[in-house]
Amino acid sequence: MTDHDRRQFLTLAGTGTAAFVLFGCTGSPARAESFAVTHSDAEWRKRLSPAAYDTLRHEGTERPFSSPLNGEHRAGIFACGGCALPAFSSKTKFESGTGWPSFWAPLPNAVRTRDDSSLGMSRTEVHCSRCGGHLGHVFDDGPKPTGKRYCMNGVALTFRPGAA
Ligand SMILES: [Zn+2]
């Protein structure tokens, strides 16, 4: 390698680094997290109902007032529809009037969040900490004591009556 070649190589390497950094900032993968429960997209499609699959795996949103869990007021646990991880207790459920099952807090370590700027809005997406399934969004206009409103898709949850 001549000095000239070396200089050119370093210049190219420098350009490559800059491009990588730029890409790293703008092209962040949506699913960089790892989860304890994983399946291929085809497997998820087989395991879930079409509506649950669309919501959990492709961040669909159910029509408001369409979920039977809206009117579910018994004591019990609302679990992730993808992996059955207990996600919300009936103790934190409240009537938000939005048409989606709403809670003011998740169970400890049950969910994770990330920024969601889709649809031209700045929102905080909520997903299951065990399988990554999309559950809904969380907003800052909820009731006391947290002031949070976890706006969930009922189709992404299952309800088990019992001790909450
Ligand atoms: Zn899950």
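Begin at aspartate 140, which is exposed (over 50% relative accessible area, against under 20% for buried and partly exposed in between, with a 1.4 Å probe and protein chains only), because its relative accessible area is 65%. The model is predicted, so local features need pLDDT of at least 70 and side-chain atom pairs count only at pLDDT 80 or more, while totals for chains, interfaces and linings use all residues. Residues are numbered from 1 along each chain as its sequence is written, and side-chain values use heavy atoms, with hydrogens and water left out.

Lysine 148 counts as partly exposed, at 32% relative accessibility.

Then select aspartate 141 and arginine 149, another salt bridge, with the closest N and O atoms 2.7 Å apart; arginine 149, at 13% relative accessibility, counts as buried.

Move on to glutamate 72 and arginine 74, whose closest N and O atoms are 2.8 Å apart in a salt bridge. Glutamate 72 counts as buried at 10% relative accessibility, whereas arginine 74 counts as partly exposed at 47%. The count by this rule comes to seven salt bridges.

Finish by selecting cysteine 83 and cysteine 128, both of which are buried.

Terms used
Salt bridge = Lys/Arg side-chain N within 4 Å of Asp/Glu carboxyl O.
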